[in-house]
Amino acid sequence: MDVLTHGLASYSITRAFFPRTARATALTAVLTGAAADLDQFSMYAGPSAFLAWHRTAAHSIFGTLVIVTVFLVTAALITRGKPNRDGIRTVLFALLAAGSLHVAMDLTQNESVQLFWPFGAQRYSADWVARFDLWILLILLAGALLPQLLALVTEEIGAKSKAPRGRIGAIIALLTVLLYVGARFVFHSNVVAMMESRTYRGELPRRVAAFAESDSPLHWRGIMETERAFHDLDLNLMSGSSFNPDAAVVYYKPESSAPLDAARTTESVRRFLEAAKFPKATVEKTSTGYRVQIRDIAQQQQARSGPRVMAIVETDASAKVLSDELAWDQEM
């Protein structure tokens, strides 16, 4: 999710479970909860670095512990000797809650997370929530701002509350987000079951996936893989909407060939396939041999998916690999 949503989520969980913490602790928790998204800057080092570091180290269990430790030590040094300083245990639990919430929220998204880096290359994603979800952002924003406005009103009329300001609003916001994500889980399951029950151009699906769209919990993007092709379909669960498998955009798979087999042995393609969900290859004849390009269909046509990486392999006429690289995918 975006940095603002993660920051608000970190603020909410801190206010909900650690309502009497000092401002320094709350600020450190917000920074801890948003810090993992610094891996987005790896894009400036090129597509290879982006594939290696985006949503890997900083979004893993190990990386979360490292981030929490760095901010814990920094907070302890900055607040040393100052009055109203929170105990180290309180700060630790607050930072752990914020950092863990970041990873948990990202696991529900379309983009995958290498949770067990550096010990495992497997990536995980539930595909329930889009990378940017306006509804989650608005819920968290309301939970943070409305209690402050209500407090100002009550102070104006002379009423004072001894309860920590913002705790109830934060709890309600977090519970509402939890219910919202739960509803998306149900919708996601329904969409997947619907896609699995159909045929596509006369073929049964080998694999299906439903990806959340940001505008509505009822709007999804489905990708179905059959023996010969990938089928990309826009789906809507609104009443009256029909599901027509023949309306899908079809990407036919290339036939098996020596250049394609050679491309699969390269380091660039191996790394790309570890991250891609629905890799689609194309083989083109060139003046010197063949060019093999591999893209991830799941990352295409998503306006907020961010930078997209592809693998390119050049071979000679006898399918001997001349070069292989990871490059930015500019195709929509």
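Let's start with the open sheet: four strands, in the order β5-β6-β7-β8, with antiparallel pairing. Strands β5, residues 279-285, and β8, residues 321-328, sit at the edges. Each has a single partner strand, so one side of each lacks a neighbour in the sheet. From one strand to the next, the twist averages 15 degrees. Keep in mind that this is a predicted model.

For a reference point, take Ala 281: its bridge partner in β6 is Ile 294. As a reminder, strands of a sheet pair through backbone hydrogen bonds, either parallel or antiparallel.

Next, another strand pair. β1 covers residues 207-212, and β2 covers residues 219-225. The two run antiparallel, joined by six bridges. Ala 210 stands opposite Gly 222 in β2. Is β1 enclosed or open? Five of its six residues are buried, so β1 is largely enclosed by the rest of the structure.

Last, a helix. α7 spans residues 167-196, which is 30 residues. How far does α7 reach from its first C-alpha to its last? The answer is 44 Å, close to the 44 Å expected at 1.5 Å a residue.

Which residues of α7 are buried? Among them are Gly 169, Ala 170, Ala 173 and Leu 174. Further along come Val 177, Tyr 180 and Val 181. Arg 184 and His 188 are on the buried list too. Val 191, Val 192 and Met 195 complete it.

Definitions and conventions: Residues numbered from 1 in each chain as written. Predicted model: local features only at pLDDT ≥ 70, side-chain atom pairs only at ≥ 80, totals over all residues. Heavy atoms only, no water. Expected span 1.5 Å × (residues − 1). Buried < 20%, exposed > 50% of the residue type's maximum accessible area, 1.4 Å probe, protein only. Pairing = 2+ DSSP bridges. Axes fitted to C-alpha atoms, helices over the stretch in contact; angles between N-to-C directions.
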